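Good morning, everyone, and thank you for making time for this.

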Amino acid sequence: MEWSKENTDEIFYLQSLEKSPESFTKVLSGLSDLLARRSVGDQRELETCKQELYSSGVLEYCCAALRFSPAQIEGSYASLTRMADIVSTCCVGIGLVRDEVFHHRFLPSVVENVLCLAHRLVRRATGERKMKMIRLFKKVFDSLMWILRAYSYLIPCVLQSKHYENVQMSEDDEIWAVTLTMWYSLLRANSTLVSEVGLKPLTGVTDDIVYKMSSSSNPVIGGTAIKTLLLILEQHRPSLQLLRKHYKGLEDLVWKDWRGKGFDPALEQLIDQLQSEAPENVLQQHSSEERVQAACVIQAVWRAHRTRCRIKNLPRAVSALQRSFRERRQRQQQDTEKRHVEEELRVNVQLRRQRAIRHFHQRQLHLMEILPADQVARYLGELETRAAVLIQRVWRGHRARLGFQRCRYQLRQHKAAVTLQRAVLRFLQRRRSQRIILAPWKDPRGLTDVRRTELRRQIEEHVSLYPSSVVSPEGALELHEKAQSMLQQHLMTRASDQAQEQHRQALLAQINTDLELLLSKQDSISYQYLTANAVLRTTLTLPL
């Protein structure tokens, strides 16, 4: 009873939410948490929880939410994909539901909305978001497969859905591979599925499989299609006549297109089954030429379809090509004009330079003609001097630049050190200028007399256990008097100590002088004499 009440409260909360796109995220998170907790417990409790979700109308809201606009939902298509997974999980394993509305109205609407979501994902699987949309499309089809495995009578609803037809009209190989994988997984999971769905749905499935197998060159699609056809033939032998009747020349086509693609054993098995138990008159009537002609017809239809698709997309391609060509031509014209302008500027600068040099030389010759003969040598000497000064100036500048390049690293280090020192000095100055102002003590609010007495007792116990290292005023005064007495005693004995030290230094100096005199007069001194002097010297150096 405790679990049932908790479960009822959670479902009542989900039911009380507003049935609008704004509450989508709350419903999604609530259902995820609820199913995550109930999946750990008993299976019967999980079935009861799913039945209550359906009876309360929460599943109907989730089913309708699959058609919400992604722009109004947090998480966009990823959240819608999660909702589709939760709806499929709740529909499967719900137990015995005898309500006909659930089987004939609710489940078909769930399938239709899931296919609608898949169709929207296929339409947006373009450009940079293609891989993300295809990944979400796979998850949506996994949810659809989960529902179809439990309720195989919904397969005709899938085949009759316009959204499924739009998905099948896609030209993307990955989309085709996902749909073929779904049918292959369904047939493997349920060995009686072919006999349960009937002839018309089976014809629709085989039409899709054969069309994809004949229109694509992807080995994944070819291998999945051939394995699916083998499962259909193994589960339902009368379907062999259906394949022979509707797809004449199928064995030659698959052998020609899919031989050597990595699944030859399955291909040979399919061809053997298609050719086995065939009447001899049928084999004689349908010659190889007719089979080739049928294959040519299929290829012609496919090429015509592809050509129409290309023609349909041709205006956009032509406009893009023209726009690209115009942009390229405009860039080339701009580059050509820029080169012409630069070339003209370079030529004009060169002409001006030549004219200036020519004018300078002419002026120089004119000055030399005007000057007297005795001043020509002087003038030429001045020219040579100015030229030498110019050469020296250029050389010194070149040498200084080289030296600067060599000293740049030291200069950079010096600047970095100056910057660091300036920053440290500023930091220290700010630290000095800051003054920590302690706020006045305020009594804590809400303290009673009993609490204040208890806190005072705890403080006294802590002080008695951990005495403070701070000396009291009386102790400080005693220490001061003791230090003063020791300092006075040291000052009184310092004079006598200095006199004794001077006396020792004088004796040492006299001994050193006598020793040097003895060494200068005699070439050798006995070892005992030296030892005696050393002992005497050591004795004198000891403190008195």
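Before the helices, a definition: an axis here is a line fitted to C-alpha atoms, for helices over the stretch in contact, and angles run from 0 to 180 degrees between N-to-C directions. Helices are DSSP runs (H or I, at least four residues), numbered from the N terminus. This is a predicted model, in which local features need pLDDT of at least 70 and side-chain atom pairs count only at pLDDT 80 or more, while totals for chains, interfaces and linings use all residues. Residues are numbered from 1 along each chain as its sequence is written, and side-chain values use heavy atoms, with hydrogens and water left out.

Helix α4, residues 58-65, packs against helix α6, residues 100-123, at an angle of about 30°, and their axes are 9 Å apart. That makes α4 roughly parallel to α6, a term for angles under 35 degrees. On the α4 side the contact (heavy atoms within 4.5 Å) is made by L59, E60, C63 and A64, and on the α6 side by F106, S109, V110 and N113.

Let me turn to the rings. The structure holds 3 aromatic pairs, meaning rings of Phe, Tyr and Trp (its six-membered ring) with centres within 6.5 Å, where planes under 30 degrees apart count as stacked, over 60 as edge-to-face and the rest as tilted. The ring centres of F137 and F141 are 4.6 Å apart with planes at 35°, so this pair is tilted. Both F137 and F141 are buried, that is, under 20% relative accessible area (1.4 Å probe, protein chains only).

Technical notes. Buried means under 20% relative accessible area, exposed over 50%, partly exposed in between (1.4 Å probe, protein chains only). Helices (H or I, at least four residues) and strands (E, at least two) are DSSP runs, numbered from the N terminus. Angles under 35 degrees count as roughly parallel, over 145 as roughly antiparallel, 65 to 115 as roughly perpendicular and the rest as oblique.
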